[in-house]
Amino acid sequence: MCGIFGIVMDREQVLGPVLVESGRRLAYRGYDSVGCATVAADGTIDLRKGVGRIEDVSVQLDFSAMRGIRGITQLRWATFGAPSYANAQPHLDSDGDMVGAHNGNVVNNVQMRELFIREGLTVRGSNDGETCVHAVERHFDRNGGDMLAAIRAAYADLEGDYAFVITHHGDQRLYAIKKGSGLVAGLGDGLSCISSDLPSILPITRRIVRIRDGEIVVLSPNAVELYNVQDGSRIQRPEERYDGPIEVAEKGGYPHFMLKEIHEEPTVAGELLHLLQSSPHVERFLGALTATGDRPAYLVGCGTSYHACLLGAYYFNQVAHRAVVPVLAPQFIEQYGESVGPEDTAVFVSQSGETKDVLNAIKVMRKRGGRVLGVLNVLGSSLMQQSDAYLPLACGYEISVPATKTFVNQCVLFLYLAYRLAGRNTDELQALPGLLAQCLADTDGPAREVANYVGKWSALHYLGYGITHPIALEAALKLKEITYAHCEGMFSSEFKHGPLSAVHDGYPVLFVTAPQDEMMMINHVNEVTTRGGRSIAIAAEHPALRSNVQDYLVVPPSNRFLFPILATLPAQLIAYHMSVGRGIDPDFPRNLSKTLTVD
Ligand code: AGP
């Protein structure tokens, strides 16, 4: 949620293209508004910002032409203050001497703004990024112009978790601070830069410095200096070299990243299975999962990652005969935070590795002395750094806001671990990439037809039974997320306990049905069809089930455990085609952000 980028050069030049490209690489963090600010060698600040996405706003306001010796870009996901020009970032201070931008939440924003107004500062909007700038301004004016001291004093005033970047027009440096939100710095020849995330830095330099909470960063063309915000002391940290791939956010001929990422699922599943065979962390995971004795381990996540945890629990139970507890991250704190202890293990699952709800839960687990395992896609993320052992999802960057390939690989990873715990031959899983590819080819056409039909409805249901219940929840989330229709995912046998009253002529209900559950599901199908509803099956070929439904998306034959993973694909495709059919860009659904670093 929100992305910031800043750069300091050794001489004035056209900075627009690098600011736009960095912003483009952070667009997944927020796209309610975007802005760039540059400071020329003579101290003139050029600030351009507007509501909308970077591709549009950057052209309208000609960001590419911006010149300067220092520059800042901000991508906003609105929390305090509706998307508007006044709330778009970066922000100026009262007299236009400073410019800055933030990521995160300043929770005492309202009180701080009231204070600024009483003190006579010029408050233009209601956004907490502006609050960060004024918080520095007021101490800067009082302490005779010491930026470092002003930022330290502002830190004491600002409550919440955030990171911000700021510069004064008369100072050759850029300043940043990290408190809870991600921040990484880069060092190049005659430049240094700072960003919420690595992808916007890697095209510029591979020399990086990771920033920790409570650190102030001072960036000049040839140095990245760190200071402790509490006592102002200098922190020495050697730079690292990052040799991982620079993923280029290109659609590769697909109309949307979402479709591209769905089509990558067979490949990334194969790569993950290959990696797991040789990962030293697998043994540590298995050891930690079994070290809890009779106590179950926890699988903790949010949103789509939580749905993978739900499926993981079925896998551990049905394949390895081991109970694990799937739980939403904030729920983990409330339900188990007082009872977990050193003998417990929790696996925290997060694509981004930066989800605040997950990091909050880790804090509780750490405080209680329990083991922290991580499953993540973004290497170097906070989750990776805070885990005793981690397993990567190996998906490459997932750009599209709806999680697709990372969900598939989370499920593959849990199935692999369950097989290993059960002592079952993991070679059986090698069929998965081929089956996923076949499933994509077989179900894309039928998924389009189903999307045409369900696209006319503003509400629908997805039902799953047992091992497919998590897929029904995930399918419903995906559909809601990118089509704006209401869709509820449920355990199919629960439907008759109330929601069945939603069914009337043609009402769409999709049944995700695993091998062996077909006869049970036929009961639930008929409860819908006899009341005029339209039943749509996602299942392997099964004549009896076929004769009871109106539409059938045929998933290739497989075993019961591979089925939920395969069935995910047609569900993702239905959501995708319905979204496009409604004229929505599935990559950037309204109101959302790929990385949620707020409470
Ligand atoms: C999935 O399509 C969503 N965008 C969302 O539910 C996401 O899975 C959730 O915010 C958790 O993110 P994480 O995996 O990065 O922690």
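**Exercise 1. Locate Pro90 and describe the peptide bond that joins Gln89 and Pro90.**

Step 1. Pro90 sits in the loop between β4 (67-76) and β5 (91-92). Strands (E, at least two residues) and helices (H or I, at least four) are DSSP runs, numbered from the N terminus. The model is predicted: local features need pLDDT of at least 70, side-chain atom pairs count only at pLDDT 80 or more, and totals for chains, interfaces and linings use all residues. Residues are numbered from 1 along each chain as its sequence is written, and side-chain values use heavy atoms, leaving out hydrogens and water.

Step 2. Gln89 and Pro90 are joined by a cis peptide bond, with omega about 0°.

Step 3. Turn to Asp62, in the loop between α2 (54-60) and β4. Asp62 is not a glycine, yet its phi is positive, about 50°. Most residues other than glycine have a negative phi, and most peptide bonds are trans.

**Exercise 2. Describe the surroundings of the ligand.**

Step 1. The ligand is surrounded by 15 residues (a heavy atom within 4 Å). Ser305, Ser350, Ser352, Thr355 and Glu481 are the closest.

Step 2. Sort the shell by class: 6 nonpolar, 7 polar and 2 charged residues. Ala, Val, Leu, Ile, Met, Phe, Trp, Tyr, Cys and Pro count as nonpolar, Asp, Glu, Lys and Arg as charged, and the others, Gly among them, as polar.

Step 3. Find the helices. α9 (303-318) and α15 (469-483) each supply at least two shell residues.

Step 4. Check distances to ligand oxygen atoms. A polar side-chain atom of Thr355 lies 2.5 Å from one. For Ser305, the distance is 2.6 Å. A side-chain N or O atom of Glu481 is 2.7 Å from a ligand oxygen.

**Exercise 3. Characterise the packing of α14 and α18.**

Step 1. Two packed helices are described by the angle between their axes and the distance between the axes. Helix α14 (residues 432-454) packs on helix α18 (residues 563-581) at about 35°, axes 7 Å apart. Axes are lines fitted to C-alpha atoms over the stretch in contact, and angles run from 0 to 180 degrees between N-to-C directions.

Terms used
Polar contact = N/O pair within 3.5 Å; in protein donor to acceptor, adjacent residues only side chain to side chain.
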